[in-house]
Amino acid sequence: MALRILALETSTLDASVAALEGDRLLGQTVLDRARRTAQCFAPAIQQQLQAVGWRPQDVQLVAVSQGPGSFTGLRVGVTAAKTLAYAVGAEVFAVNTLQVIARQTPAELPCICAVLDAQRQQLFVADFRREGDRLVETAATRIEDNAQWLAGLSPGTAVTGPGLAALRDKLPTGIVVVDAGCWTPRAATVGLAAWLEYQAGNRHDVWTLNPVYYRTSAAEEKKMAVKGNLP
């Protein structure tokens with residue numbers, strides 16, 4: 001029997017839950033933006049399990065997006081994934097949000113740059129090269145100023161991700177823009193990416209897994225600034 005995977009995506013405002021057997025999608029639920037909270041996410045997970053006829057203990061792997069993304073969203077998703085995995089004895093596996101976005105691009109695009117809005121006129125950015133079913137990271141996740149990223153784009157580059165929403169009209173000539181329907185990371189792709197890495201022998205630990213934010217929050221930066229000004 002193929003590995004039973006419950007996948008969670010909460011890194012953006014458009015959260016989703018999916019159930020997969022190996023690389024085969026059984027069902028996916030996209031939550032209303034107003035319902036992307038810890039209180040509403042648990043019932044959505046339960047509904048998705050019921051929709052595919054699974055009991056919680058049938059889940060063998062809980063997949064979740066680890067970041068970058070919304071601080072609150074990532075905490076909700078990773079906490080839910082760890083709690084469920086521990087409760088039912090499943091394994092847990094986290095994948096990079098930008099890899100998920102890049103994986104949703106058309107197969108004929110060999111090189112992809114995925115972006116998420118990092119606020120403050122900045123982007124989370126990562127670059128990938130497609131090699132069959134694998135996505136090889138050619139430039140690791142980083143933060144770039146919007147202007148810096150736009151200036152560094154080369155003609156023929158394929159770009160994707162929610163970070164394009166406010167920048168599409170500013171893209172230089174010759175840039176390939178992936179259809180906007182592919183920009184939002186989905187739980188189905190989180191599950192597929194986790195399955196591929198799990199099949200390759202990679203593992204994560206439920207006790208040590210945490211969100212990866214790639215930056216400190218505005219509140220943390222303010223707190224550090226205040227401390228730095230103390231005599």
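Let's start at L6. Setting aside residues up to four places away in sequence, L6 touches V17, A18, I45, L49, V59, L61, V62, A63 and L84. Contact here means heavy atoms within 4.5 Å.

A word on the source. This is a predicted model, where local features need pLDDT of at least 70 and side-chain atom pairs count only at pLDDT 80 or more, while totals for chains, interfaces and linings use all residues. Residues are numbered from 1 along each chain as its sequence is written, and side-chain values use heavy atoms, with hydrogens and water left out.

Now, which core does L6 belong to? The largest nonpolar core, which has 25 residues. L6 is among those with the most contacts inside this core, along with L8, V17, F41, I45 and V62. The term nonpolar core means a set of buried Ala, Val, Leu, Ile, Met, Phe, Trp, Tyr and Cys residues joined through side-chain atoms within 4.5 Å. Buried is under 20% relative accessible area, exposed is over 50%, and partly exposed is in between, with a 1.4 Å probe and protein chains only.

Who supplies this core? β1 (4-9), β2, α1 (38-51), β4 (61-67), α2 (71-88) and β5 (91-96) each give at least two residues. α2 gives the most, with six. Helices (H or I, at least four residues) and strands (E, at least two) are DSSP runs, numbered from the N terminus.

Stay with α2. Its 18 residues reach 26 Å from first C-alpha to last, close to the 26 Å expected at 1.5 Å a residue. That expected span is 1.5 Å times one less than the number of residues. The buried residues of α2 include L74, V78 and L84, and also K82. After the helix comes G89, with a positive phi near 75 degrees.

Next, S16. It sits in strand β2, residues 16-21. S16 counts as buried because its relative accessibility is 0%. Its side chain reaches the backbone nitrogen of A187 at 2.9 Å. Among the residues S16 touches, beyond four places in sequence, are L8, V30, F41, P185 and A187.

T184 lies in the loop between β10 and α5 (187-199). Buried or exposed? T184 is buried, at 17% relative accessible area. Leaving aside neighbours within four places, T184 contacts T12, D14, Q104 and P162.

Five strands form an open, mixed sheet in the order β8-β7-β6-β9-β10. The edges are β8 (134-145) and β10 (176-177), each pairing on one side only. Two strands pair if DSSP finds at least two bridges between them.

How many bridges join β6 to β7? Eight, and the two strands run antiparallel. Q119 has Q122 in β7 as its bridge partner. β6 and β7 form a hairpin with two residues between them, and R120 in the turn has a positive phi of about 55 degrees.

On the other pairing, three bridges join β6 (residues 111-119) to β9 (residues 158-160), running parallel. I112 stands opposite A158, and A114 stands opposite T160.

Conventions. A polar contact is a pair of N or O atoms within 3.5 Å; within protein, one must be able to donate a hydrogen and the other to accept it, and residues adjacent in sequence count only if both atoms are side-chain atoms.
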